[in-house]
Amino acid sequence: PGEIEELRQSISVEECVRLGADAVKALLIFGRRDNRLQADNMAYITSLAEECGRWNLPLIVEPTTWGARFTDDIRRQVSLYADMARISAELGADLVKCDYMGEPEEYQAVVDNCPVPVAILGGAKAAPESIADTIEKAASCGVCGVVFGRNVWQSENPAQMVQALKAITYRGDREEFLRLCR
């Protein structure tokens with residue numbers, strides 16, 4: 001984080017539909033040095049949401065704190081994530097993919113302030129016990145699920161890792177999750 005100020009769309013919504021995508025995901029980067037880039041990113045999300053709506057394809061928005069104006073202290077403020085999640089929904093997100101941080105009592109504001117479902121992201125590859133702790137804490141405050149990448153495709157058996165995540169996310173079965181992660 002800190003120097004990614006501008007990103008571009010890499011594929012059209014129509015091409016996503018042709019390829020059989022279940023959803024489209026886009027980044028909404030907060031804390032940019034250039035307010036015009038922030039405004040352009042917000043306009044892009046709104047336009048993308050409209051295009052996804054025409055194709056009946058859900059839009060996942062991942063608000064990030066990658067802008068260079070944010071310090072590490074600001075990036076750890078749960079209240080910032082509550083605002084970013086709400087803004088993502090207001091711009092047209094059907095689902096918000098958001099960092100989980102803090103304690104459930106703090107993170108509850110992220111879920112409560114967002115009018116669409118919130119799912120947590122996985123971030124860097126982590127130990128199974130740490131993943132389980134995070135999912136359990138997030139679930140306790142109403143997060144609807146997980147959108148994990150690296151913790152799936154960097155695992156030795158990605159299909160089994162998906163099954164493990166389903167066990168803990170949808171059934172609250174920590175033991176089954178840890179068993180499947182071995």
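I started with a polar contact: a polar atom of the Thr169 side chain sits 2.7 Å from the backbone oxygen of Leu165. For this I took a pair of N or O atoms within 3.5 Å; within protein, one must be able to donate a hydrogen and the other to accept it, and residues adjacent in sequence count only if both atoms are side-chain atoms. I keep in mind that this is a predicted model, where local features need pLDDT of at least 70 and side-chain atom pairs count only at pLDDT 80 or more, while totals for chains, interfaces and linings use all residues. I number residues from 1 along each chain as its sequence is written, and side-chain values use heavy atoms, with hydrogens and water left out.

I placed Thr169 in helix H8, residues 158-171 (helices, H or I, are DSSP runs of at least four residues and strands, E, of at least two, numbered from the N terminus). Is Thr169 buried or exposed? Thr169 counts as buried because its relative accessibility is 19% (buried is under 20% relative accessible area, exposed over 50%, partly exposed in between, with a 1.4 Å probe and protein chains only). Leaving out residues up to four places away in sequence, I found Thr169 touching Ile135, Gly145 and Val146 (contact means heavy atoms within 4.5 Å).

**Thr64 and strand E2**

Next I looked up Thr64, which lies in strand E2, residues 59-64. Thr64 is buried, with a relative accessible area of 3%.

How many residues of E2 are buried? I got 6 of 6. Both faces are covered, with Leu59, Val61 and Pro63 on one side and Ile60, Glu62 and Thr64 on the other.

Then I checked the partners of E2. Strand E1 (residues 24-29) pairs with E2 in the parallel sense over 6 bridges (pairing takes at least two bridges found by DSSP), and Ile29 stands opposite Thr64. Strand E3 (residues 95-98) also pairs with E2 in the parallel sense, over 2 bridges, with Ile60 opposite Leu95.

**An aromatic pair**

Last, I searched the whole structure for aromatic pairs and found 1. Tyr100 and Tyr107 form a tilted pair, 4.6 Å centre to centre with 50° between the planes (rings of Phe, Tyr and Trp, by its six-membered ring, pair if their centres lie within 6.5 Å; planes under 30 degrees apart are stacked, over 60 edge-to-face, the rest tilted). Tyr100 counts as buried at 15% relative accessibility, and Tyr107 does at 0%.
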